[in-house]
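Keep the viewer open and try each task before you read its solution.

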Amino acid sequence: LAERPCTGMRVLAADDTPVPRAVLEASLARIGIEVVSVENGAEAVDAFKSGRFDLVFMDCSMPVMDGYTAAREIRAIEAQQRETDDATPIVALTAHVIGQGATEWRNAGMSDCLTKPFTLTGLTEVVERWRKHSSEDAMVDTIETDEPRSTHPEGPAAAVLDQVILDQIARMDRDGNLIARLVSLYREQGSTLGAKLLAMLEQDDRSEIGRLAHGLKSMSLSIGAQTVSGLVSDLEAKANAGSEIDAARAGAEFTRAFEATLVALDEVVVARHANANAAARSA
């Protein structure tokens, strides 16, 4: 793995969901960027007012203030304080790949879009595209690191995970503990949102079903939980469209998939630790 860190950059990262936020923080740190992380659009606007940033990553669906509104607020601040040519690049982070959500970021004054789940290569390309080239000191020599050893689980549980995403997480892992932290966050946050989703399915609350399904989709995509992300993505689409939902079937399918995913992720953590110990013994 060859990477060219962008040292000297300061980036604002806004995402309300712990798992994708942790992935974003780890990814930016992996390429040498200082990160200021916030959990909603209002916090992003406040952080922007009090500090200067080279780049902003903005999740679009957040509570308190969504990313679109926050981007507009930031552009309004810049219009009062700076020249238009000096606008800070704002990159939308979205799991919406089709429909209005796939293009709404442009209307909010954002500069670019990075679709979840992103790769480390894709993130680096976005950073390079918007990094100011005025300072040669901001770049350091390309570094070489070994490709991570496989953390792929085996057996039926492996089918619930996206191995490409797992490999990407392994590339971002600087201290050997990232995947374990992400799995812990996913278990905690996914269980909480999942319980709420099951309750809303019973009540047929379409608005809450859509909101909770979107949150689960975002964190599931970020950790490679492909079966869960597919199920909740379908639920989100049906809820937003007002389509009929078989609540009992949907709830049972989600519960089975989520439990199988946790088992598979635990296998990944065990494999990661085993590989790290083997590498340490052979060093």
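**Exercise 1: the largest pocket**

Task: find which element gives the largest share of the lining of the largest pocket.

Solution: The largest share comes from α8, with 8 residues. Keep in mind that this is a predicted model. Next, look for the other contributors: the elements that give two or more residues to this lining are α7 (178–203), α8 (206–223) and α9 (226–241). Now for the space itself, which comes to about 510 Å³ in the largest pocket. To find its centre, go to D16, T17, P63, R211 and G215, the closest of the 23 lining residues.

**Exercise 2: the largest cavity**

Task: work out which residues line the largest cavity, and which element gives the most to that lining.

Solution: Start with the count, which is 2 cavities of 30 Å³ or more. The largest cavity has a volume of about 60 Å³. Its lining is made up of P20, V23, K116, P117, F118, I165, Q168, I169, M172 and S222. Of the elements, α6 gives the most, with 4 residues. Finish with the classes: the lining of the largest cavity has 7 nonpolar, 2 polar and 1 charged residues.

Note on methods. Residues numbered from 1 in each chain as written. Predicted model: local features only at pLDDT ≥ 70, side-chain atom pairs only at ≥ 80, totals over all residues. Heavy atoms only, no water. 1 Å grid on protein atoms, 1.4 Å probe; cavity = no way out; pocket = protein on both sides within 12 Å on 5 of 7 lines; lining within 4 Å. Points joined across faces, edges and corners; volume = space filled by probe spheres on them. Nonpolar A, V, L, I, M, F, W, Y, C, P; charged D, E, K, R; others polar.
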